Amino acid sequence: MIFNISNIPNELKKGAEIALSFLEIDISCKNQIEISALKSEKGLSVKLENNKAQISYSKNCEFFRGLGLIREWLFENKTSAEENEIPVYDHLTYMVDCSRNGVCNIQYTKNLIIKLALMGYDRVMLYTEDTYEVEGFPYFGYLRGRYSKEELKEIDDFAYNLGVEMVPCIQTLAHLNAIFRWQDFQKYRDNGDILLCGSDDTYELIEAMIKTWSETFRSRYINIGMDEAAMIGRGAYIKKFGYENRIDIMQKHLNHVLKICEKYGYTCMMWSDMFFKMISGGGYYGKDITITDEDKAKIPSNVELIYWDYYARNEETYEYMMKNHKLMSDKVGFAGGAWKWSGYAPLLNHSMLVSKIALKKCTQHGIKNVIVTGWSDDGNEASQSSVLPVLSLYAEYCYTQNDSDDFIAKRLKTCTNADFADFMKLDLPNFTPDNPSPGRLSACPEKYLLYQDPLLGIYDLHIAKGFNNYYADTAKTLHAICEKGGEYAYLFDTLACLCDILSKKSELGIQAKYAYDNGDKTALVKLSQTCLDIIPYVDTFKKALKTQWYHENKSFGFEVLDIRLGGIKSRLESSSERLSDYAEGKIPFLEELETNRLPVQKDGDGNIISPVSDASWQEMASASVLVF
């Protein structure tokens, strides 16, 4: 397939060469498909007639989406076709978490931007708490894989060629726990991970942060964060300034940050939860909220509130939340979730389910700025690429309002070379027999089954007989997809190797407790050997995970997973020794197995909940305190 792009505007040519190379389209010859491009007032129009194709576009990113459509038609052996699309959102953004240990490397980031451009995304955010260079603050992002200014400029230049605006996405209030690891930042701390509001030192730091982005990214839009700071003003702030209402502290701090941003020409957006919770007097989903003129006056008119929701599975919640956000401000955006933050496997089915509801409600409420987030809580264990189907859903709904799986599958293949049916099987490690499709919200059995101690049995009451067999079958399924090869084989390899471990480890604690309670020392000897037999599978998994990590991320942060997997191996060795020592009469009893098991989570009626919604490694690995 050969494209002639000599007649498109010069500002598109470099990006077109990049995109067409990714699409494996030759541009070295000038005798086949001739592409022309024309700027339009609204939307995307693509027309193919014999050997000529015309793309009319209102934003540069739409031109690249048009290239993908032409390629798709040609692979379908069409000689003529036409498509007209008016996006329902003004801005479609993917937010990439680069703060929870994993910082995407430059090459992977560029590759991801190409795919997003072909889908039609016009913005990308790199969520960076401290993982970027700030002049005058050498400990900011120290040993965390921070981006240099040169790297940020390189990413911005690359994205610009593809019609993608790189928007800073930072924190100017909370979620800055990593910097407080260092003594140099203690004077900026209120409590926990929250900055000390009202302090000149704090605003000097924030201005230095903003300055970095003003010198690296072209965009003059910025997400300043300001979410989940419930304890604002309750630490060093009280000692220095005395007691104040949280919403008043928040308002003053926000106004100060906005002035700094205005100095650098920025228009700001922020997560809405702090204002929403304070005004409602309850949780994020507080009912019967009354929003007064006095409340609205506390929210600056020059900031956009981003209502985020990754959870709700019903239209009523989105209706209620969007309606009340609109009462709070006339500048409201929405952020949904591409779930990859609960463990090694994504929650694609849940993400697709809730996103289809949310996107329709955004359209009904006239929300024009839509973000899909790819958080990486607790270690960045899942592959960044694992959520590509969700990203495709957002794009197709924006441009066509077609959210059928068949349609998304076709577009996903065109823009990313990913197979939709195969990718949806990445959910299988979380779809245990007690967690049928579309999967229970936030449940991540593959993670706690991996990390839980063989003898402590923290989650044993949440595990049923048959888990080992389930994971053995799942491993075969994922290995078979991996053997197909291709760009994404490493994702399936990682999860297949994980399931190999779980096919032997899932029921280990239950089996050990049963054998111990029944005095079956022969079974305990066998289980002692099982512990040792699992270790080579952990090694194989680590090797696969290492391949995945270094393909997508900088090196910093892998040490966290290295430590966690090393802990599994060590505990398997120790558990093997403990079981054999008891079976051989060297010790009189096993305290770990003497303890009756208790459930981790119960419902309101006292029934055991399974699977568990728990994503914290430190709670999975031990009931003792790992972090003081």
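Which residues of α16 are buried? Before the list, one caution: this is a predicted model. The buried residues of α16 are Phe-467, Asn-468, Tyr-470, Tyr-471, Thr-474, Ala-475, Leu-478, Ile-481 and Cys-482. Look down the helix axis and these buried residues fall within an arc of 150 degrees, so they line one face of α16. Turn to the face pointing away from that buried side and you'll find the exposed residues Asn-469 and Lys-476.

What does the buried side of α16 pack against? Its buried residues sit against α14 (420–424), α15 (445–451), α17 (489–505) and α18 (508–517).

Let's stay with one of those partners, α17. The axes of α16 and α17 come within 8 Å and cross at roughly 160 degrees. That makes α16 roughly antiparallel to α17, because angles over 145 degrees count that way. As for handedness, the crossing of these two helices, α16 and α17, is left-handed.

Now for another helix, α4.

| Helix | Residues | Number of residues | Span | Expected span |
|---|---|---|---|---|
| α16 | 467–482 | 16 residues | 22 Å | 22 Å |
| α4 | 149–161 | 13 residues | 19 Å | 18 Å |

So what is tucked away in α4? Lys-149, Leu-152, Ile-155, Asp-156, Phe-158, Ala-159 and Asn-161 are its buried residues. They pack against helices and strands: α1 (10–22), α2 (60–75), α3 (106–119), β7 (123–127), β8 (165–169) and α5 (200–214). After α4 comes Gly-163, with a positive phi near 75 degrees.

Ala-37 has its place in β2, which covers residues 33–39. Is Ala-37 buried or exposed? At 17% relative accessibility, Ala-37 counts as buried, since the cut-off for buried is under 20%. Leaving aside residues up to four places away in sequence, Ala-37 touches Ile-8, Pro-9, Leu-12, Ile-55, Tyr-57 and Phe-63.

Terms used:
Residues numbered from 1 in each chain as written. Predicted model: local features only at pLDDT ≥ 70, side-chain atom pairs only at ≥ 80, totals over all residues. Heavy atoms only, no water. Helix = DSSP H or I, 4+ residues; strand = E, 2+ residues; numbered from the N terminus. Expected span 1.5 Å × (residues − 1). Buried < 20%, exposed > 50% of the residue type's maximum accessible area, 1.4 Å probe, protein only. Arc of directions from axis to C-beta. Contact = heavy atoms within 4.5 Å. Axes fitted to C-alpha atoms, helices over the stretch in contact; angles between N-to-C directions. Parallel < 35°, antiparallel > 145°, perpendicular 65-115°, else oblique. Left-handed = near helix turned anticlockwise from the far one by under 90°.
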